[in-house]
Structures are given as C-alpha cells and as structure tokens.
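Reader: I am new to this structure, and I would like to learn how its features are read. Could you take me through a few of them slowly?

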Amino acid sequence: MSTAAQSGRIAPALGPRGLPRLDRTLVMGIVNVTPDSFSDGGRWFDPDRAVAHGLALLEQGADILDVGGESTRPGATRPAIEEELRRVLPVVRALAAAGAKVSVDTMRAEVAARAVEEGAALVNDVSGGLADPEMLPLVARTGTPYVVMHWRGHSDGMQAHAVYDDVVTDVVGELRSRVEAALRAGIAPDRLIVDPGLGFAKHAEHNWQLLGRLREVTAALGRPVLVGAARKTFLGHLLRDPVTGRPRPAHLRDAATSAVSVLAAAQGAWCVRVHDVASTADAVRVAARWGLENAPRAAADAPVLRGSQL
C-alpha cells in the first residue's frame, strides 16, 4: 500500500498507462497554435515558436503538452480541417520526437488520427465525441487514452446552453452518458479521462460549484479527472478592478489559476491544464506534500467550498 493510501488522503487517480503515472496531480502545459485563443492567441502561431514554447514548458515541469490548433473561446470560428492539420502536425511531430508526452486538443477524428501517427499519446476532445461521429471509433482503433469533456455545443453558441437544474448532477449525468458511448464504441475503460468542461456552456457560478464539489464528480464517475481553469473568464471576473469593475486581464490570472490547481489537487484531480507551468508545477507538489501531512484531519474536517463562498 502506498504512503498516500496509508495516510487516508484522497490521491489523484494514476491515469492511463502510456502517460506519466505519479502519486500527485499532473501538469498539462498548453501549446496553442492558433491566432485567436483568448489568452495567448497568435503568440505561438508559428510552428517553430510553438515547439520552442513546448520545450520550455517541459523544462518548467510539464508532464504532458497539449497541442491545439482550434480556439474554443466563446464565439470562436472553426478553422478548416486542412488549416488545423497544418497548424498542429509539425508541432506534435517535433515535440514527440523530443521525448514529450503530447496530447492533441481536437474535436476532429482525422486530426486526431494524423496526430497519433506523428506521436501524440493522448486525444483531448472537448466535445466528448459529439462533434465528430468518427472520433470514438478512431480512438478505439488506436487504443489511445482519451479525454471526454462535458460539452453542449460549439463555441459560437455554447453559452446559450448554460442552463442547469443542479450543475454538478447535470454535468455528471451527461458525462456518464458520454463515457458509456465511449465504452460501447470499444474504448477500453482504463483509457478514459473525464473533464467537467469549465467555461464551456457554463457561467461563473457553474464553474465555482463544479470546482467546490469536484470530489463528487470524481467519486460519481470513477475516472481520472482533468481540470482546465487556466486564465478563464470566471477568474477575471472574480479579480475585477474594484474601481473600474473591469475584469483582470487574462495574462494576469496565473496566480489565481495556481490557487485553483491546489484546490483541484486536494480534491483528487488527476491533471490540471495550465499556461503557466512553473508556478503550477510547484503548487501541485505543495498540495501533495500537504496532503501527506494533513490527510487524517483534512479528510474529516475540511469544508466543502460552495460557489457563494469563493
């Protein structure tokens, strides 16, 4: 039995074979090869710059690099598939050749297939297989680990669907149906990861409730959980300027993102997806060490954080 298990703390699920398996929450570094992502659109659009950025994130402590060629910010327009391939494949190829564990962030089966051929070790599909009916069969054939995210529609209209009775119950139910669809398609149970989809068809209060009740999501679905809160709008609104009321700019939300990463790690998140790897790599290690020292008390006494308390 591991030290974590003996102490009684909630440790992150180790995740699928073929990916790093550590007794702490993993850090996924974001490599956006896009001109229009909300936080860093255009900064790494050139493939050489994107590769250099990915290698720098590895040095800073990233366990996985997530390469994406389509912005999923609210209102974003989808690129043609040929353009997405042009953006993504050279970066996946170079980073995999350098020894990185690479995830391809795509909703398209053809992009996923080509990226796996180039060395991608994980498919991160924000639509959970809903955007492309060929995605689940493709993943089943390749045997690649697969992230199933909660999703209710493409970026240009998703916020119109941000209506829930109880967001945690509803998200868990919809994710469970996507997990079942993946299993029916032939994807092995130990290849599946779930993501509650913070910011996707969700308002700020929905994001906070999902984060505050992340243990419920993990326990209900029984799968490794990926959390992607990095620099998102709900953090900007929380940190708005007290005088002007303007939200905190995206590039100044990394400290808040690290705080979310610690809270997610304490609730057993398998991995956190972030732009600022260095601070988060430190944060998840602190969370793991804190958990070892405080698990008996924390498990019994730690309050469940609700959206209204954050």
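Predicted model: local features only at pLDDT ≥ 70, side-chain atom pairs only at ≥ 80, totals over all residues.

Reader: How many helices and strands does the protein chain have?

Author: Helices (H or I, at least four residues) and strands (E, at least two) are DSSP runs, numbered from the N terminus. The protein chain has 11 helices and 8 strands. Buried residues, meaning those under 20% relative accessible area with a 1.4 Å probe and protein chains only, make up 53% of its 310 residues.

Reader: What span should helix α3 have?

Author: The expected span of a helix is 1.5 Å times one less than its number of residues. Helix α3 (residues 81–97) has 17 residues and should therefore span 24 Å, which agrees with the 24 Å between its end C-alpha atoms. A bend, the angle between axes fitted to the seven residues ending at a residue and the seven starting there, is about 25 degrees at valine 88, and proline 90 follows within four residues.

Reader: Which elements cover the buried residues of α3?

Author: The buried residues of α3 include Glu84, Arg87 and Val88. Contact means heavy atoms within 4.5 Å, and the cover includes β1 (26–32), α2 (47–60), β2 (64–68), β3 (102–105) and α4 (109–117).

Reader: Which residues form the aromatic pair?

Author: Rings of Phe, Tyr and Trp (its six-membered ring) pair if their centres lie within 6.5 Å; planes under 30 degrees apart count as stacked, over 60 as edge-to-face and the rest as tilted. The structure holds 1 aromatic pair. Tryptophan 208 and phenylalanine 234 form it edge-to-face, at 5.0 Å centre to centre with 80 degrees between the planes. Tryptophan 208 lies in helix α7 (residues 204–212) and phenylalanine 234 in helix α9 (residues 233–238), so the pair ties together parts 26 residues apart in sequence.

Reader: Is arginine 273 buried or exposed?

Author: Arginine 273, found in strand β8 (residues 271–274), counts as buried because its relative accessibility is 17%. Its side chain is joined to that of aspartate 105 by a polar contact of 3.2 Å; within protein, such a contact is a pair of N or O atoms within 3.5 Å, of which one must be able to donate a hydrogen and the other to accept it, and residues adjacent in sequence count only if both atoms are side-chain atoms.

Definitions and conventions
Residues numbered from 1 in each chain as written. Heavy atoms only, no water. Buried < 20%, exposed > 50% of the residue type's maximum accessible area, 1.4 Å probe, protein only.
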